[in-house]
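Hi,

Here is the model I promised to pass on. Have a look, and my notes on the chain contacts follow below.

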Amino acid sequence: MTAYLIRRILATIPLALGVVLVVTISFDLIPGDPAALMLGEFATPEAVAELRTSLGLDASLPVRYVNYVIDITQGDLGLSLRERRPVTDILVETFPYTFQLAFAAITLVLLVGLPLGLLAASRPGSWIDNVIRVTSLAGLSMPVFWTGIVFMVIFSVNLRWLPVSGTGTWRHLILPAVTLALPSIAVIARMTRSTVLEVLQEDFVRTARAKGVANRSLLYKHTLRNALIPVVTVLGLQLGQMLGGAVLTETVFAWPGVGRLTVFAIFNRDFVLMQGLVLVLAMLYVFVNLLVDLSYGLIDPRVRYQ
Amino acid sequence: MTVDATTTTRSTRNDVWRRFRRNHLGVVGALIVMVLVIAAIFAPLLAPKDPAEQDLRARRTAPNAEYVLGADEFGRDILSRLIYGARASLTVAVSSVAIGLLLGSLLGSLAGYVGGWLDGLIMRLMDLFLAFPYLLLAIIIVSALGAGTFNTILAIAVWTIPAFARVARSAVLQIKERDFVTAALSLGAKEARIMGVHLLPNFAATLVVYASLYLAYAILMESALSFLGLGVQPPTASWAGMIASGRNYVTSAPHIATIPGIAIALAVLGFNLLGDGLRDALDPRSGKR
Amino acid sequence: MKTRFIPVLALVLALVMGAAFAQKTLTIVRPSDPVALDPQLETTAPGSWVYTQILEPLVSVNQDMEVVPRLATSWEFIDATRLRFTLREGVTFHDGTPFNADAVKYTWDRATNNDPPGRWRSLASAVEGVEVVDEYTVDMVAKAEFGPLLLTAAMPFTGIVSPAAVEALGSDAFTRAPVGTGPFKFVEWRANDRIILEANDDYWRGRPALDQVIFRTVPEEGARMLSLRTGEADMVLLPTPSDLPELEANPDFIVEGAPGVGIFYLAFNLDRPSVADVRVRQAVAHAIDRQLIVDAILEGGGVLAKSVIGEPVFGFKDMQLLERYPYDPERAVELLEEAGYTRGSDGFMRDADGNVLTLDALPSNGRSLKDREIAETLQEFLRQVGIAMNLDFFEWATTFTLMRGETLEYDLNSFTWFTTTADADYTMYSNYVSTELPPSSWNRWRYANADVDEWLKAARASLDPAERAELYGKVQDQLAVDLPAIPLYGSYEVAVLSADVTGFVAHPIQYILDLFPVDKE
């Protein structure tokens, strides 16, 4: 087990190097000079060139990349080009908001999506199954910026139950979390339904049924255990995306999280900030995946880690 | 005990069709998709007005006799834009998912079937894509290549590849372990035969479900790009673009964004019902009843 | 012991709670978070709205476009290169250190030394620097004769910083926690969420009526408007224009606006053969119903542009554009036919070789009010007269880079230009002198007219307002004939306030938000 964990953690190194390399290369490919953007409308070409040199943008791609990697090993994520403060400070400020939102949303997904899927699977073909299938698709197809605004109009303006946007109290978290969770609830409900139905068709379940195991305990014990593995996998993917890409929800609800920071970094060509961001996000992705893999062992004791 | 591959396939095909017709929701889905495809193909004949023609004096008109579904913020006919929008939106969603499905399942099944170092390489590469914040990837692509329908498709396709690769790989691995494949192998069946007869149909069922789900994702992604102003470009109408630009009128003229929203919901519904129906028909072991 | 303690505690509690209840907080929502709270790094409105509360310049421009004293009490021109300021005595920075001539010099040195490298230096590039005459007298020295020196000193980006605070925090850290002499003090900045300021009790004009100002960042337009309606915000900057008529009629809200110094225009690239012919440019002008754009798309969020500079700007002259180029699609078609195009059966204009008259455009995107919508409308207006317009929407970094490129591969571009100093020189010199070409300057239309060059250079060197105004008038008349750009709308600086907010007057210069006289009932 320990050896497994160590191997998994070591495996993140090439991934981290890879994502940083992609960022480094991509900023050479996309037009837009961070120095020119910083200096604004009247900057002379000389001033821009001077700033480029002082920011270290002049160095060739391999040099910049290697320098950055050396800095990372010393725990230094560099200085944001635009904000001129340590990237680490910015990330430490921003990630807590993203964690709050993502975990609130993923909790909702578990609490609502999973039961809905099981309910649908327990009576396949019934009206309740159809209702769940159709409404979950509707949830999946509405752009979050639209559902977000509609929720605002209903719950904040008309009913006055919740604040429109921003941070502060737990009440500020409700609308963005629900909005972010909605498509994932739909995905998880669908996944749960179809995997449960699939497992129910498996030979061992049929055997158990033929042997006369009581229906209830059968569903819970055998089916759920086998059906949960793909569901957890997808849940992990959803969580990964929520951590990295809740741009729209954050924008609509003025939530100061990582998604907006990412857009800021790319629109301002602040690639030092971008490198730090994707690095941390890649680590999180690996961590979430590791959790998912470890959860397989909890769900199904037959799973072994080598 | 050798099985004739040709007869198996033919009888399977008939079974599939029979099973599909019995599935009412699946038929409904097929009908919805058919209507959309017809709208997309025959848009110039069906649309009552020129979708790009503006009448600023009629801006944000609520549905009436002249503008059956109302007019947007430029006074353009929403019905006509909806019909033309089916073109752009379906093109973007279907082509991006098709590209993602093709490349992804190719890479994934290769990884799953061959295994070893190739598996490691492909899946690490996919991890790299997945670990990258997805909108960031799309923005980088669109920033580098410029906004437009083709680049929107590309940006979304790239993002769907790893998901399909993962699904395909795990499906292949799972099927490889299944009793009937093991049995076929032990009975001396050739690998190619196994691929064709046993793996593909099973594998297709899973992929169809995923593809129908990812059509919804593709539409969501396009709307996200439109939200950032980087999606399908004017004057081309796309549903996502219509919602993105109409969302500021949520209190004064909610129909501008609501109507394309309903269109997207219907399209997603249609594709998914069709996908479910096909899945159930392709793989009778799974699903309903 | 116990019996005495409780009443004391109650008294303290009552005082604390009383103070809490009396707190007058003004919450302002606007679309984006600044990059920094220091003009050195941040010269866009979201930043300057905040730091102009904290950092004060020597002089500033009021809502009537008059130069008024701030940290300087008086000023006089020694000659056209040297402007002498007498400084206000007895003013202290928020950190308690005194304001004096050294602080002024320190602030300008910081800009000219480019530490941290920033934007302001380029805006005041005509200024050589500041010389200390005595403790309360400074000279601002220009590199050459420079008529607009006073208005340059009045730019909202020239707020004086506390040298002690910069030294203590370091130049980079100071950009996120500025210390100045203004009516409000910096308290806290939660990135992308809010910036909190509190009243400066020792402000030299007296303590402001508000105790606290909170600037919230709410990127989504709909959400900004909704937070005003729920009372979460007291003031919305850059409101949704289509909501304005209803809000104006609603007694719960106040709509306060002023015509601004920004002009949104459609610019031609005269290097491109397709628009080199003035008749084609005139046809484009006739093809666009500018009044309709202002009425139907801006809906009160902008005013019809009368010139390439805004009406409040010094040197403005009405270019008579509606009279010269009224909306007249037929006239546009005639002009195009005169220019050698014939209209095909598909409605598009073709040249002698049968090529459709196609104009590639690089439009402003999400940078100015309704820029994207206007681009779409222009595309449709031009289609009506047979011109195909390709729109290349990019995000700002790309657009900016392309616009500033040595060559511009586009026939048209659109952009809002703000005359930040409110002096015509700021815009006209950099935009229309033939040698002021990108990438170092802004003559993106590649406009060259020897008379215009001469007039603009003479106006820059002169200190005589009447002479300068006349020269700028001649330039604007010439631009109306040559038509390198079509001004579409003028900015309208508008804020929506909840009705209990008093004393707010909108400022024509977008970067200035005057909160000192504001109160809340």
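How much area do chain B and chain A bury between them, and what percentage of it is on carbon and sulfur atoms? The pair buries about 4600 Å², with 73% on carbon and sulfur atoms (buried area being the accessible area, 1.4 Å probe, that two parts lose on being put together, summed over both).

Some housekeeping: this is a predicted model, where local features need pLDDT of at least 70 and side-chain atom pairs count only at pLDDT 80 or more, while totals for chains, interfaces and linings use all residues. Residues are numbered from 1 along each chain as its sequence is written, chains are lettered from A and ligands numbered from 1 in the order written, and side-chain values use heavy atoms, without hydrogens and water.

Back to B and A: 50 residues of chain B and 55 of chain A are in contact (heavy atoms within 4.5 Å). Zero salt bridges turn up between them (a side-chain nitrogen of Lys or Arg within 4 Å of a carboxyl oxygen of Asp or Glu).

Now A and C. Here the contact takes 42 residues from chain A and 41 from chain C, and the buried area is about 3700 Å², 57% of it from carbon and sulfur atoms. On the chain A side, Glu41(A), Phe42(A) and Arg84(A) lose the most area to chain C, together 21% of what that side buries. Two salt bridges link chain A and chain C. Glu83(A) makes one with Arg176(C), with the closest N and O atoms 3.2 Å apart.

Cheers
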